[in-house]
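Here is a short report on selected local features. Read it alongside the sequence and the 3D view.

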Amino acid sequence: MAERPPSDAAATLREWAAQNGPLALRARIVLLAADGMRDATIARRLGVSRQTVGTWRHRWADGGLEGLRGTARPGRPATVDDAEVITRTLLGPGSRTASRAIARELGLSHATVAGIRRRWADGPPAEPPLPEPDVWVIGLHADAERTVLLTGTRPEPAGTPPAGGAVGADVLTELDRACDALAAAREGLPASGRAGALTAFLTKARRRHPHIALHAITLWSAAEHASPPGPAEVTFHHIPAATHWRSYLRALVALDSTRHPESSRRVYLDLAGAIGRYAQEPPGEPLQWLRESVASHAPSGEEPEEALRRETAGGANHIDLGSFNECVVIESVRLAGTITRGEIAHRTGLTQQSVSRISRSLLGRGILVEDAQLRATSGKPRTPVRLRGGAAHAVGIHIDPELFTAVVIDLDGAPVAVRSQPVRPTADPEVLVKQVVQLGGEVLADARGSVHEDGFLGIGVAVPGPVDIASGTVLDPPLMSVWTDLPLLYLLKDHFQCPLIMEKDAAAAAAGERWIGRDRRARDFVYLYLGTGVGSGLYLNGDLYRGISANAGEFGQLCAVALGRTEPAGRPEILPECNPPVGLSQLAAEHGCAAGAERPGSPAAYRAITEAADAGDPAAGAALRDLARAIGQGTVGLVDLLDIDLVVLGGPFFTDESAPHYLTHIGEMVNEFPTARRLRHVDVEASVLGPEAAAVGAASTIFHATFTPRLRGNALRRSSPTSGRFL
C-alpha cells in the first residue's frame, strides 16, 4: 500500500483530480494508490496503461507535488545532457542518486545513465580531452565574445583521495541565478580583445597556480570553437556539443567540491556573488574571478623539512583503533589517570570480558601499560593500567600576529620540545608559510630522540578566526591582513606528509584543556582565550562545539552587545578591551597610570601594567579591573546562553600577575548577574595549560580526533564520498 499523502498535499491532489487536464489524471493515480488499489486495477479504472500508472507513482514518491507537475518524458529525449546526469549523481538526495532513479526522473534508460557515469569516471569530457581526471575549478572569465572556465589538473595522488564537502542545493541555486543574470547581461559585456584582458587573466592565473596544469574550457563563444588568445602554458578546450554550458559548470562544481576539501561552499558562493555583482553593474572590464591558491603537494628538498618528512612518512599503524569501544576504554583510562579493569567496566558499562580483551590489545600495542599490583581483600590482586605517554606524539603550531609557537607533546600532554619565533605581520604570505614550515621541522628535530615514526600522529594548527575549516583557509585574521583568504592548511600539506588539522586558537585551547585536564575538565565548560584577541572555545556534551561553519565562540561582538556599544550603522563595535594589550594600555592612560606608556598597546606594555597592578599600583589595578569586567560582561552572556557552571581562563595574556584580577572580577560577575544564579554556582578557574595554550591545544586536537569516542567517523580516517559512485 502506498504511503498516504500529508493533509496539505492530499487537499491539492483532490483539487487537481476534480479538474480536467494532465494533472487530474496524475492526482487520481496517486489518490487511488494511497487507498491501497493495485496498479492493474487503477489502469483499468482510469483507462490508461500500467506503465503510465507506475511512472506517476514513482514521480510522486521521488518528487511529491513537484514531481507530478513535471513534464512527462515518454521515450528517450532527442539529446542527453551528460553533465546534468553527473550533477544529480553527486549532489542529489541519497535515495535519488542511483542510476535507475536518475533515469526515471530524466526519462532516460538505465543503460544510458550508467554509460554516462562510466565516461565521466575518467574525467569531464572535453575537446581535446583533459589529461587527468582530477579537475579543479580555478577561475572564470566572461565578456561579449566568450565565457571561459579555467580549470586545473594534476596527477591523482596515490591512495584514497580526501573527502570533500559537496556544495548544497542552496549554492547551486545561487549559481543558477547568477548565470541567468550573466546570460541576460551578455550583450552589454565588453569585448576581451581590449587590452588583452583574457591573456592577462590567464597569465595571472599561471602565476598564482604554478604547480598545476591549467586548461581554459570555452563554455560559450560567439564564434564557434574560435581559438582565443592566451599564454602557451594554458591549453584550450571546448565542451561537448550536446552539453549546455550551465550544466557543464554545475557538474564541474559538483566534481570539484566532492573530491577536494578546499573547494568548499564558500569558494562557490564567492563565485556566484562575483557573477551576480558583475551582471548588475554597468559594463566595464570583463568579469574575471580567480580563486585562492591550491596546494601543489609537490615534493620539496628544503633542509628544515627533511626531519619532519622522515618522521611523518610512515604513519601510525599500531595506533589505529579498531572499534568505538576501544576509544571508550582509552577515554576512561585518560580521565582517571590510573584505573583497574573492573573500574573501567563499572564506569563504561562494558562487560568484564570486553574490557579484558580490549585492554590486552591496547597493552600489546603499547598504548597502555600496567602499574604495580594492588592488594585485594579477596581474590586475585588488581593490576591498574594507565596511558603510556610515549605511545604517541603530535606537533602543535600556533599562528599568532606576534609570535609563531610550535610544540611537540606526548600522549599525556607533556611538552617534549618547544620553539617560537617572532612574526613580521606585513611579510609576504609565502615568507610566513616558509617560516611556519621551518619552525615545525626544527621543533620535531629537537624531539627526534623521543618521537618514533610509528607513534607520530600528525600536526594541529591553531589560527585566529574566522576560518573556513572545510577549505583550510584563513579568512580575515585580525592584525594579519596579508593572510586574508590564505589556504594555509593546504599550503602546509605541500611540506608535511602527515595528517593535519586546523582549528581556531580558542577551540584548540579548549581541546587541550579537556585532554590534559583529565577528570578536572570532564564536564561542559567554556575556555576564554586571552590572546591578541579574546575568543571562546566551547566544550559541550562531551565534544568541541564548532558550529555550522566551525566559527562558534566569536566573543568580541558578544561583549559589545552586552556593553551596548555599537557603530552608527548598528553593527557591534570591535572593542579594544577584547584585545588585551591595546585595551589595557588605553584604560591605563585613562586612569593616569604611567606604566607601559613607552610602547602602548604592545605585549611589553601589558606586562608592565599588570606587574604594576600586582605590586599595588591603584591606577594600574583600576585599569585591569575595568578590562576584566568588560570581558566579564560577555562571559555573563555565555553563562546565561549555555547554562554552564565552569569557565576556564588561559592564553598568553592570562599571566601570573593578571590572573588574580581576572579570576576575581569575572568570578563575581558570572555568579551575581546571570538570570539563573540561584540554581548554580559557576566555577572560574585558571587553565591547566601554560602560555603555549593554543599550540599545546593544537597538538591535542590530533589526540582528540584519534582517541575521543564518537559514533561518527574519525576525523583522521575519512574516505572520499565519490569513491564508487560512478561505477
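## A tilted ring pair

Phe654 is buried, with a relative accessibility of 12%. The model is predicted.

In total, the structure holds seven aromatic pairs. One of them joins Trp515 and Phe703. Their centres are 5.6 Å apart, and 35 degrees separate the planes. This pair, too, is classed as tilted.

Where do the two partners sit? Trp515 belongs to helix α18 (residues 505–517), and Phe703 belongs to helix α24 (residues 693–707). The pair therefore ties together parts that are 188 residues apart in sequence. Trp515 is buried, at 3% relative accessibility. Phe703 is buried as well, at 0%.

Strand β9 covers residues 403–410. Is this strand enclosed or open? Seven of its eight residues are buried, so β9 is largely enclosed by the rest of the structure.

β9 pairs with strand β8 (residues 393–399). The pairing is antiparallel and runs over seven bridges. His393 stands opposite Asp410 of β9. Three residues separate β8 from β9, and the two strands form a hairpin.

β9 also pairs with strand β10 (residues 415–422). This pairing is antiparallel, again with seven bridges. Here Ile409 has Pro415 of β10 as its bridge partner. The hairpin of β9 and β10 has four residues between the strands. Within that hairpin, Gly413 takes a positive phi near 90 degrees.

Most residues other than glycine have a negative phi, and most peptide bonds are trans. The bonds below are cis.

Glu127 and Pro128 are joined by a cis peptide bond, with omega about -10 degrees. Pro128 is placed in the loop between α7 (110–120) and β1 (135–142). A cis bond also joins Gly465 to Pro466, with omega about 0 degrees. Pro466 is placed in the loop between β11 (456–463) and β12 (467–468).

Which phi does Asp485 take? The value is near 55 degrees, which is positive in a residue other than glycine. Asp485 lies in the loop between β13 (473–474) and α17 (488–492). With 34% relative accessibility, Asp485 counts as partly exposed.

Ala550 is not a glycine, yet its phi is positive, at about 65 degrees. Ala550 sits in the loop between β17 (543–545) and α19 (556–563). Is Ala550 buried or exposed? Its relative accessible area is 12%, under the 20% cut-off, so Ala550 counts as buried.

Terms used:
Residues numbered from 1 in each chain as written. Predicted model: local features only at pLDDT ≥ 70, side-chain atom pairs only at ≥ 80, totals over all residues. Heavy atoms only, no water. Phe/Tyr/Trp six-rings, centres within 6.5 Å; stacked < 30°, edge-to-face > 60°. Buried < 20%, exposed > 50% of the residue type's maximum accessible area, 1.4 Å probe, protein only. Pairing = 2+ DSSP bridges.
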